[in-house]
Amino acid sequence: MSTGYLLEDQPTRGRLLPRFLAFAVIVVLVVGALSARLFYLQVSRGGYYGGLAQDNRVLLQPIPSARGLMYDRHGRELVRNVPAFSVRVRPADLPLSKRPHVVSQLSTLLGIPDVEINESLDRGAGSRFDLVRVASDVPPDIARVISETHLDLPGVEVAIEARRDYPQGPLLSQLVGYTGPVAAEDLEELKDQGYLNDDAIGRTGAEAVYEKELRGAYGVEQIERDASGRKIRVLSTVREPRTGNSLELSVDVQAQRNAEKAIRWAMDLAGLKRGVVVVMNPQTGEILAMVSLPTYDNNLFARGISNADFQELVKDPDQPLLNHAISEQYPPGSTYKLVTGTGGLADGYISSDPSNKLLSQPFLTLGTTKFYEWNQRGWGRLNIYDAFGHSSDTYFFQVAGMLGIDRLAHWARQYGFGEPTGIDLPAEARGNVPTNEWKQGVFGEDIFPGETYQAGIGQGYDTATPIQLLNAYAALANGGRLLKPQIVRRILSPEGQVVRDFKPELIRELDVPKDVLRTMREASRRVVTIRHTYNLVDLPIVVAGKSGTAEFGRRDEQGRLPFHSWFAAFVPKSGNPSAADSELAVLAFAFDSRTKGNVATEIVKYYLQLHYELDVDLRNFDLVVRDNFYRGN
Amino acid sequence: MGVLRLEPTRVHTWATRSVSTVWGLFDWQLALYAGLLAVVGVTMAYTNSGSTPLTPGTTFTRGLMWLAIAIIAFALAASFDYRWLRTFAWPIYLVNLGLLLTSLALGDGVGGVARWVTIFGVQFQFSEIAKILTIIVLANFLASRSNRLSSLSTIVGAGLLILPPLALVLVQPDLGTSLVFGAIFLGTLFIGGASLRWLGVTVAAIAAAVPLAWMYVLKDYQKQRLVSFLDPAADPQGSGYHLIQSQIAVGSGGMFGKGLTNGSQNQLDFLPVQSTDFVFAILSEELGFVGALVVFGLFCALLWRVLLVGWRSQDPFGLVVAAGIASMVVFQLLVNVGMVIGIMPITGIPLPFVTHGGASLISIAVGLGILESINLRQAKPKW
């Protein structure tokens with residue numbers, strides 16, 4: 001070929017050889033470097049990356065167990081598991097750049113402010129691969145929209161889960177309690193027990209106390225997932241889930257309804273804010289009913305309570321979330337004379353002989369201080385029966401003075417005051433039994449004699465929870481066995497087998513002679529027969545008990561103190577108060593009652609009418625009005 | 001004008017050559033290595049096509065279609081007398097710029113990116129074609145100045161020639177492809193015989209301009225992608241995600257890989273857009289270190305044949321085309337694989353043959369076809 005331009009470069013060609021070679025060297029270096037790096041990644045560290053790929057792919061995923069149910073003592077359903085949609089987010093699959101878009105989408109669909117969604121996302125305590133709950137109990141149509149637009153919402157998952165539904169709602173909220181998400185601060189500890197980041201746990205009531213039984217055991221399955229966290233297939237089931245056990249409560253829904261009806265009647269009539277009715281079987285310690293008003297609807301929590309609703313409950317001055325029957329302590333007032341009387345008899349300062357009497361007076365004087373009888377007159381000389389029956393303050397001042405504070409405290413503790421009863425509900429208060437030692441610890445001085453007087457009639461430093469007071473009277477009614485109050489009778493397996501049967505749990509046998517207890521039971525009956533409790537005696541059943549009017553707070557402009565009303569009663573089965581065969585004890589407590597008469601007595605009376613389906617109605621409407629009868633005791 | 005004068009001679013030359021001589025001059029090895037690499041690409045398309053790779057519209061069936069078109073393009077380019085390209089160098093240049101402007105005007109990429117143009121429902125990336133066309137134009141320019149190669153004016157001239165297409169690609173924005181233009185520019189000048197001194201000065205000037213480009217030209221997302229490879233763990237869900245998942249894919253492949261279609265990183269979507277720029281990660285995951293080395297071997301063999309065509313070419317034009325294609329392939333290999341294995345920034349440069357994409361495959365087929373054409377039309381084969 002001899003065309004001109006092909007020859008143009010011939011002289012330069014040989015000169016270019018080093019450049020070709022240099023280029024070849026560059027190629028070799030490039031491929032060599034890439035190969036070296038590949039060797040490092042794939043061969044030297046292949047195992048490490050293999051593990052990471054496996055972690056990406058394979059996930060050990062818990063299989064939730066069905067939570068156990070609850071029934072009342074007659075098999076009425078107290079809790080159901082119902083399906084509900086929840087919306088959850090796996091932060092690891094939600095790129096930061098898309099987060100504002102996803103959050104605002106969810107906000108629109110779910111009707112939750114952006115801020116709250118962002119808070120939920122940031123609160124997630126676990127790893128970024130753990131699902132964070134954004135909304136519970138989402139309406140099905142919204143849930144469907146969210147799952148359909150799945151691709152636009154990376155990391156967002158809609159799941160069907162079981163949520164709790166409480167058919168009885170507010171009636172039993174205080175007892176049954178509710179479940180809620182595990183608190184972030186508890187998660188660290190609970191993780192070891194198999195709880196997940198986004199897991200439900202019993203938060204209060206029986207749901208909390210019997211959490212271990214109800215929860216069952218979660219199973220574990222090994223799943224293969226894709227990058228968006230979706231389950232591709234189950235590789236293997238490592239462990240099957242085990243359904244939780246169910247609870248049969250000692251509570252009788254009908255008794256609970258009656259109790260609530262009775263107390264609501266009085267509270268509505270007298271305009272009261274807080275009240276308690278507890279019903280138990282003194283022979284066993286079984287709680288048949290426990291009403292604490294105001295109450296709340298535990299379904300609100302089961303559905304995922306809104307912040308507004310929660311704030312409203314928390315800010316309510318009457319504390320609907322608190323079970324006032326066990327979590328609050330109040331001065332017990334004259335009901336406490338049970339302790340003083342028992343002590344006086346047991347220590348021999350007074351006797352059960354009706355002729356053994358002390359003089360009741362308009363007032364006692366200690367130094368310069370006058371301690372008044374509640375009617376400021378007295379009844380002359382009284383034996384223990386009439387003194388208890390009239391609820392004479394000056395009589396029991398004298399007995400308390402003879403016992404002294406520490407001996408009085410001894411008998412109080414025998415009855416279970418000053419320590420939690422151990423009822424199977426959370427947050428029980430312990431009450432207070434004053435002693436010299438206690439006062440030294442708190443105020444650095446001994447109890448004054450006047451304070452011993454006050455302690456003898458359930459005022460001053462004495463405080464007790466309603467359950468403690470009822471339990472003390474139950475011990476009196478059953479002949480001296482202080483039993484642990486229980487709300488759960490039996491634990492049943494998912495198949496219905498009895499896992500744990502009911503048995504009464506003895507706290508202690510009271511160190512009190514049986515005849516002393518019989519005397520106090522008879523004295524309790526005298527309270528009724530002497531008509532201290534008005535027409536309670538006219539009920540066609542035999543009721544014994546003791547009322548109390550416990551002053552608290554500050555005097556009004558007329559020098560009168562506000563007061564709580566108490567009435568603790570038991571119903572001897574045989575109709576003979578001397579016998580220790582009572583199977584029903586009822587306590588009513590009205591906070592800041594300020595009614596014309598003792599409203600608690602009226603509540604108990606009404607309850608007994610309903611309980612025994614009596615066709616008499618002896619309610620004294622005129623006593624249950626807003627007034628201050630002042631010292632009706 | 002001078003070219004046209006030579007026309008009768010060339011026709012005569014072609015006519016007098018026997019068929020057996022022509023086939024003897026055809027570089028079968030070049031075609032073989034390129035073909036094997038294309039097979040690797042189609043194989044990766046197969047593994048990325050899910051459970052039904054044979055249904056229409058999958059990456060695999062589209063890959064097969066593009067492969068068929070690429071083979072035809074290769075054959076046409078090989079039989080076409082490459083010297084016509086010199087004749088039409090300037091029109092080609094204008095067409096080149098026209099295509100890139102069209103991309104900017106009609107491009108329909110995601111998030112303000114104008115890389116792809118949709119023609120009859122098929123997305124096409126003109127910047128891939130632009131690389132080959134620019135090589136042709138550059139080769140023509142350097143060949144015409146082969147006696148003045150050592151002067152600065154040659155470098156400046158080549159620079160002025162390559163700057164418009166480079167700039168048009170950069171504003172798409174496609175930083176990666178614009179860097180390929182830079183590699184072609186330096187590679188052709190280096191192998192073509194430009195003054196090393198002035199080349200050194202040019203490289204120094206470019207290096208000095210990098211900080212300025214960083215501050216004024218690059219967009220934030222580009223900077224973020226560029227630096228994220230240094231510490232992918234800093235934003236594992238954001239810009240570092242691809243890098244981390246890519247390295248997990250590569251590393252978990254081990255020596256022999258998990259087997260075709262068995263890569264969990266691939267099949268379970270842990271590595272998004274596995275069919276595009278990160279396809280080498282899937283190759284490494286499923287075929288292992290050995291598979292990757294085989295691919296490297298094929299690239300080395302192909303580059304050897306490409307450079308050989310250039311060296312054997314009696315024509316400086318052929319030399320420069322070969323140098324341009326070789327520079328382009330090496331640079332893309334380095335940057336794409338380097339990105340996948342975490343030693344290079346993410347720039348979105350395809351791996352020739354392996355990354356799925358019609359434009360990329362057809363451009364390289366046309367480029368190699370031109371090289372075959374050059375080989376076929378040498379008077380005196382030396383080896």
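Trainee: What should I know before we start?
Mentor: This is a predicted model: local features need pLDDT of at least 70, side-chain atom pairs count only at pLDDT 80 or more, and totals for chains, interfaces and linings use all residues. Residues are numbered from 1 along each chain as its sequence is written, chains are lettered from A and ligands numbered from 1 in the order written, and side-chain values use heavy atoms, with hydrogens and water left out.

Trainee: What makes A:Arg164 and A:Glu207 a salt bridge?
Mentor: The term asks for a side-chain nitrogen of Lys or Arg within 4 Å of a carboxyl oxygen of Asp or Glu. Here the N to O distance is 2.9 Å. The pair therefore qualifies under the definition. A:Arg164 sits in strand E5 (residues 156-165) of chain A and A:Glu207 in helix H10 (residues 205-209) of chain A, 43 residues apart. Helices (H or I, at least four residues) and strands (E, at least two) are DSSP runs, numbered from the N terminus.

Trainee: Why is A:Arg164 called buried?
Mentor: Buried means under 20% relative accessible area, exposed over 50%, and partly exposed in between (1.4 Å probe, protein chains only). A:Arg164 has 4% relative accessibility, so it counts as buried. A:Glu207 has 0%, so it is buried too.

Trainee: How do you know that A:Arg526 forms a salt bridge with A:Asp386?
Mentor: The closest N and O atoms are 2.7 Å apart. A:Arg526 lies in helix H23 (residues 514-529) of chain A and A:Asp386 in helix H17 (residues 384-390) of chain A, so the pair ties together parts 140 residues apart in sequence. A:Arg526 is at 29% relative accessibility, so it counts as partly exposed.

Trainee: What makes A:Glu505 and A:Lys484 a salt bridge?
Mentor: Their closest N and O atoms are 3.6 Å apart. That is within the cut-off, so the label holds. A:Glu505 is at 31% relative accessibility and so is partly exposed.

Trainee: How many salt bridges does the structure hold over all chains?
Mentor: There are 40. Among the residues involved, A:Arg73, A:Glu248, A:Glu286, A:Arg489 and A:Arg490 are linked in a network.

Trainee: How do you know that chains A and B meet?
Mentor: Contact means heavy atoms within 4.5 Å. By that rule, 42 residues of chain A are in contact with 60 residues of chain B. The two chains bury about 4600 Å² between them, 71% of it on carbon and sulfur atoms. Buried area is the accessible area (1.4 Å probe) that two parts lose on being put together, summed over both. The interface has 0 salt bridges and 9 residue pairs in polar contact.

Trainee: What is the largest nonpolar core?
Mentor: A nonpolar core is a set of buried Ala, Val, Leu, Ile, Met, Phe, Trp, Tyr and Cys residues joined through side-chain atoms within 4.5 Å. The largest has 123 residues, with B:Phe353, B:Leu368 and B:Leu371 having the most contacts inside it.

Technical notes. Polar contact = N/O pair within 3.5 Å; in protein donor to acceptor, adjacent residues only side chain to side chain.
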